[in-house]
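Colleague: I would like to go through the side-chain contacts and one of the pockets in this model with you. Please give the criteria as we go along.

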Amino acid sequence: MNMNDLDGASTGAGAGGGDEEAGSAAFGGLGGISGGIENLIALAIGNTRARVGLFEKGDLRDPVSITIGVAGSDSAAAPDPVTAAELVVAAVRRAGEAVHNAPVVVSSVNPAMADRICTALEGEGLDVYRVGVEGGELPIPMAHALDDASTLGQDRLVCAFGAYRRSRQACVVIDAGTAITVDFVDGEGTFQGGLIAPGVAMMLRSLSENTAQLPRVALTRPDPSRGVFGKDTKHAMLLGCVLGARGLVRHAIERFADAYGAYPQIVATGGDAVLLFEDDDLVEHIVPDLQLMGLYEVAKASLEDEDAP
């Protein structure tokens, strides 16, 4: 992938930064979903977090995350659903302060939360467009080779669409969050499918909940100064789960490349992408806001379809 087209993305191998704010990207100007609107607010609603960002004349401005659920062991971190929805609505409202009448384009893997948030946004007079894998107000215009796409998560297809639209070549898209997904898009832009595995925080929580003595451990980067051998139980759990996640991703990439007959470009996104992959020699680029960028691309493609003769 020519990541010059993903300005602001951090590079996996040897990346120095790579926090969530590093993923803002400059696209070409967006004409609008309809009526010549220049700007839009992208909203990605996950299981653990929602992410909000304003695209102003094609540039992603100051994206923010809001905790709406808990994937790991820190159960006190998540607000109740009503409060969580209010926090997201407030973030969308703040994002739109710089522009007027910006539509809100939404993807979600959390239908109940999305319904609550979208109803509230519409109640404030905002134009809300929800993307869909098959159908919906804004269909994601990406061919697929799945046996059944009815349960395909919007986040996976939006990220894949965004990556391919910026690269126009085969790519592997890793999304490391509540779950870890590794998906493959071929050189023709067809979503071939991929795999889904537990996220690292979920792995840690499962170890604690399903054993008698293993403790609850918050996800943090293992201290490299302590070496490669786990020096206590918590350290060993962190090493095992982090290396397990990295190992499954590496093995998946190798299998995908073998099946395709060529090595694709590899992009990682998601809340845990930096922790897992910033020093990984296979993961070439970390793009924290790939899903927001994908929402932009879905809206842009919708406009192109409207403008076609």
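Colleague: How many salt bridges does the structure hold?

Modeller: This is a predicted model, in which local features need pLDDT of at least 70 and side-chain atom pairs count only at pLDDT 80 or more, whereas totals for chains, interfaces and linings use all residues. Residues are numbered from 1 along each chain as its sequence is written, and side-chain values use heavy atoms, with hydrogens and water left out. With a salt bridge taken as a side-chain nitrogen of Lys or Arg within 4 Å of a carboxyl oxygen of Asp or Glu, the number of salt bridges in the structure is 14.

Colleague: Which parts of the chain does the salt bridge between Asp281 and Arg250 tie together?

Modeller: The closest N and O atoms of Asp281 and Arg250 are 2.5 Å apart. Helices (H or I, at least four residues) and strands (E, at least two) are DSSP runs numbered from the N terminus. Because Asp281 lies in the loop between α6 (273–277) and β12 (285–286) and Arg250 in another element, the pair ties together parts 31 residues apart in sequence, namely that loop and helix α5.

Colleague: What is the N to O distance in the salt bridge of Arg226 and Asp232?

Modeller: Both partners count as partly exposed, Arg226 with a relative accessible area of 32% and Asp232 with 36%. Their side chains meet in a salt bridge with an N to O distance of 2.9 Å.

Colleague: Which class, stacked, edge-to-face or tilted, describes the aromatic pair of Phe55 and Tyr296?

Modeller: Rings of Phe, Tyr and Trp (its six-membered ring) pair if their centres lie within 6.5 Å, and planes under 30 degrees apart count as stacked, over 60 as edge-to-face and the rest as tilted. The structure holds three aromatic pairs. For Phe55 and Tyr296 the centres are 4.7 Å apart and the planes stand at 45°, so by this definition the pair is tilted.

Colleague: How many residues apart in sequence are the parts that Phe55 and Tyr296 tie together?

Modeller: Phe55 is buried, with a relative accessible area of 0%, and Tyr296 is likewise buried at 0%. Since Phe55 lies in strand β3 (residues 49–56) and Tyr296 in helix α7 (residues 290–307), the parts tied together are separated in sequence by 241 residues.

Colleague: Which residues do ring pairs link into a cluster?

Modeller: The rings of Phe184 and Phe256 have centres 6.2 Å apart and planes at 55°, so this pair is tilted. It links distant parts of the chain, with Phe184 in strand β9 (residues 179–185) and Phe256 in helix α5 (residues 233–260), and both residues are buried. The cluster linked by ring pairs comprises Phe184, Phe256 and Tyr260.

Colleague: Which element gives the most to the lining of the second largest pocket?

Modeller: On a 1 Å grid over the protein atoms alone, a pocket is an open set of points where a 1.4 Å probe fits, with protein on both sides within 12 Å along at least five of seven lines, and lining residues have an atom within 4 Å of a point. Residues lining the second largest pocket include Leu239, Val242, Leu243 and Arg246. The element that gives the most to this lining, with four residues, is α5.

Key
Buried < 20%, exposed > 50% of the residue type's maximum accessible area, 1.4 Å probe, protein only.
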